Amino acid sequence: MGTPTRRNVNSVWLFEVTEEFSKDVLNPLVASNELLSAPSSPMVEPGRVETTRDAPLTVSTQEEEFFLRSVFDHVSCSFPELALTMAVDSGSGSPVLTITHKNLFNHPPFGLTSRIQVAVQYTSYTASVLMRTWKVGEVRSVEDIIELSHDFSNKSVYKFCPGIDPHCYEQEYHKIIRFHIKSLRLCQIPFMRVDSINCKLWFIPASNISAVEKSAKEVKCPACKRLIHDLNCQKNRTVAESPSRRIKRQLPSSRARLQYMSPLSQKKRKLFAQYERTNSIRKLGMYEDSELVLSEEQNEEMCAIMEAVQPEELEKLYEEGDQHGVGDLMKNIWFTDKQRQNSEFSCDQVRNKTSVGRGNRWSMITIRMALAVYTRSPAAYKALQSFGILKLPSKSTIQAYTGAFMHAPGATNVCIADQVARYVTFKEECRKLGKQEPKGDGVLLFDEVKVACQLMWNSRSHQLLGLAMTPEDLYSLNDIYKILHDPSANKQTSYVLQFLWRDLTSGYDIVGPYFTCSSSVEGKFVIACVFETIKLFQFHGLKTSLLVCDGGPANIAAIKASHGHHGAYSVKDGEDKFKVEPWMINPFNPPHQIFWLICPSHQLKNMINALFSSKENGTKQFNRSNDCTFGWKSITALYKRELARASCAWSSKNGTKIEGSTLLT
C-alpha cells in the first residue's frame with residue numbers, strides 16, 4: 001500500500017495517492033460517503049486529489065481515523081519493537097494514536113512502564129520521556145511519524161539517561177552531605193529519580209564516548225555527569241569541615257540557613273535556641289517576687305500604649321474614605337468602638353479583680369491587647385502579668401487564640417486525619433439512617449489571605465511557627481515546576497494559602513492544609529500547593545473533581561500551567577479566541593479529570609469595586625478602543641434615564657405633561 005501525504009499550500013490541501021492506496025482505501029470510503037471529496041467524482045483516480053479551502057477546513061473524524069490507521073500500519077511494519085494503540089480523546093473526541101515501547105522497565109514506585117510515549121493526532125504530536133515532554137511538532141505526512149519512531153527504535157542513535165541511582169545517592173552522598181545541592185533534582189512522584197535539573201533524558205551522545213558506553217542502552221548525559229562531579233566536590237568539603245565550624249553553625253546566633261543544614265544540625269540548633277530561651281526565662285523568674293512601682297510618667301506611658309492605635313495608618317484610612325465620601329462615617333464608627341472597647345476593658349478589670357483560676361471571663365478587646373504583647377514577647381507578657389497592675393488572661397487562654405497547638409504548614413496527614421475519621425463516621429450515620437451515602441467526590445477551594453504574623457516557638461512540637469515555607473517543603477513537585485531556592489526563605493509569613501475540601505454529594509466540609517509564603521504567592525507556588533493537597537486527599541480516599549479559586553494573576557498562571565499553557569493563549573486562524581478548556585487529568589487518579597472554576601462571587605465583587613472606584617475623583621477610569629470612557633458615570637446616567645422614563649409614564653397615566661428633555665438634564 002502506498003503512503004498518503006498531506007501538506008498545506010496556499011489554502012489547498014494536496015494528497016499524494018498511489019494506485020494501490022486509491023483502490024484499497026479511498027474508493028470504498030468515497031462509495032460509503034465517509035470521505036470529504038468532490039461530489040462529482042464517484043471514485044478517486046490514482047494521482048493527486050486537491051481540496052480547496054475557501055473557509056477554515058473541517059476534517060471529519062473518519063478522515064482523521066483513516067490517516068492515523070495508515071500511520072499505524074507503516075510504523076508497526078517498520079518498527080516491531082514499538083507498541084501502538086488507538087484511542088479517542090475524551091475532551092475533543094478526536095482519535096489519538098499512542099506509541100510506546102513493548103519492553104517495559106521498572107521505575108519504582110510506579111512499577112513497570114514504558115519510558116517513552118508518543119501521542120499522535122491528525123495535525124500534531126507530543127513525545128514524552130518518563131512523563132516529561134521531550135518534543136512537540138506538527139504532522140505533515142506519515143514520514144514525519146516514521147522519522148520520530150526511528151528515534152525511539154532499537155536502531156536509533158539516541159540513548160536514555162538513567163540519572164543517579166536513588167539508593168546509591170542516599171548512601172554515598174546525601175548521608176554525608178545531609179542536604180540537596182542546587183543543581184540536583186529529586187523526583188518522588190510518580191517515579192523515584194535523582195538527576196540534574198538540566199538532564200536531557202533522551203539524547204544523542206558525543207562521538208568521543210568510550211566503546212562500552214556506545215554499546216550500552218543507558219548512558220548518563222553530560223548534565224548528570226557534571227552533577228556527579230559537583231556531588232563529589234561537596235562530599236569532600238563536608239568531610240574536611242572542622243567540628244568547631246560545624247558547632248558554630250548550630251548556635252542560635254549563626255546566620256547559616258536552615259535549609260542547607262542536616263536534620264540533626266537543625267534539631268540541635270533549635271534545641272540550643274530553646275536552652276537560651278529557658279535560661280532567659282529563669283533569669284526573669286529571679287525578679288518575679290520583686291515589686292515594681294510605676295512613677296507618674298511611667299503610668300502615662302502605659303496609658304498611651306493602651307490607647308495608641310497607629311495614628312498614621314488611621315489617617316490614611318480616613319483620607320481614602322474621604323475620596324469615597326465615607327470619611328466622617330468611619331471616624332464616627334471608630335469613636336463609638338473606642339468608647340465601647342474602653343468600657344469593656346474596664347469591666348473586665350473590675351469583674352476579674354477577685355476571680356481566681358477558671359472563673360475569669362474576658363472580652364475580645366482584652367484578648368486582643370494580650371495577644372499584641374504575647375505574640376511579640378511571651379517573657380514580657382509574663383512579666384507584665386506578674387506586676388499585678390492589670391488583670392490579664394492566662395498563658396493557656398492566649399495559646400488557644402494564637403493556635404500554638406495547631407499543625408505545621410504543608411500537606412501532612414496530621415492536618416486532616418481527625419477530620420477524615422469524622423467524615424467516615426458521618427458516612428456510616430447516613431447509611432444507618434437510610435440517607436444517600438456520600439461518594440467521597442468533592443470540590444477543592446483555596447484562597448490567599450494576607451496575615452500579620454509573629455514568630456512563636458511551640459514547646460510541644462519543638463517547631464518555630466510563623467516562618468514562610470521553603471522549597472524543601474514541596475520537594476515532590478520540584479522536578480516538574482522547578483521551585484528552586486527562594487531568597488525569601490526563613491522569613492516571616494506574610495501570606496497564607498488556605499484549602500478547604502467540600503463533598504459534592506453531601507456538602508460536608510474538611511478544612512485542608514495551609515501553606516505559608518513571605519511575599520505574594522506566585523503561579524508556580526500555587527500549582528505546587530494544589531498538587532500536594534490533591535495528593536493528600538487522594539491518599540485518604542477523597543477524590544477531587546473541581547478546583548475553585550479567585551481570578552488573581554497567580555491563580556490564572558496556575559490554571560494555564562495545569563493544562564500546558566504559559567502566558568497569553570495562542571489563537572490560531574479560525575479558532576475561537578474565547579474558547580478555553582481549563583481541565584487536567586488527575587495525576588494521582590488517572591484518567592479522572594479535574595476542572596477549574598473561577599469563583600463567581602469574587603468576579604462580581606471585583607466588578608463592583610472597579611465600578612465604585614471609577615466615581616468622580618476616583619482611582620480608576622475605563623476607556624474603550626474608541627476613547628469612549630465608561631464606568632460609574634454611565635451607571636448614574638442610566639439610573640437618571642430610568643427615572644425619567646418612569647416619571648413620563650406616570651405623568652401620562654395621570655394626565656400631567658412633563659418634558660422628558662427637562663428630566664434628562
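**Getting to know this predicted model**

Student: Where in the chain is Leu-130?
Tutor: Leu-130 is not a glycine, yet its phi is positive, about 55 degrees. As for its place, look between two strands: Leu-130 is in the loop between strand 9 and strand 10 (132-138).

Student: What about Ile-99, which isoleucines does it touch?
Tutor: Leave aside the neighbours within four places in sequence. Ile-99 is then in contact with residues including Val-75, Leu-84 and Val-120. The isoleucines among its contacts are Ile-116 and Ile-145.

Student: How many disulfides does the structure hold?
Tutor: Take Cys-517, which is buried at a relative accessible area of 10%. The closest cysteine sulfur belongs to Cys-529, and at 8.4 Å it's too far for a bond. A disulfide needs the two sulfurs within 2.5 Å. For the structure, the number of disulfides is zero.

Student: In the six-stranded open sheet, which strands are at the edges?
Tutor: Follow the strand order, 19-18-15-20-22-21, where the pairing is mixed.

Student: What residue is the bridge partner of Glu-448 in strand 18?
Tutor: Strand 15 (residues 441-450) and strand 18 (residues 495-503) pair in the antiparallel sense, over nine bridges. In strand 18, the partner of Glu-448 is Leu-497.

Student: At what angle does helix 15 run to strand 19?
Tutor: Helix 15 covers residues 417-432 and lies across strand 18 and strand 19. Against strand 19, helix 15 runs at about 165 degrees.

Student: Where is Pro-591?
Tutor: The peptide bond from Pro-590 to Pro-591 is cis, with omega near 0 degrees. Pro-108 to Pro-109 is also joined by a cis peptide bond, and Pro-109 is found in the loop between strand 6 (105-107) and strand 7 (111-113). Pro-591 has its place in the loop between strand 21 and strand 22 (593-598).

Notes
Residues numbered from 1 in each chain as written. Predicted model: local features only at pLDDT ≥ 70, side-chain atom pairs only at ≥ 80, totals over all residues. Heavy atoms only, no water. Buried < 20%, exposed > 50% of the residue type's maximum accessible area, 1.4 Å probe, protein only. Contact = heavy atoms within 4.5 Å. Pairing = 2+ DSSP bridges. Helix = DSSP H or I, 4+ residues; strand = E, 2+ residues; numbered from the N terminus. Axes fitted to C-alpha atoms, helices over the stretch in contact; angles between N-to-C directions.
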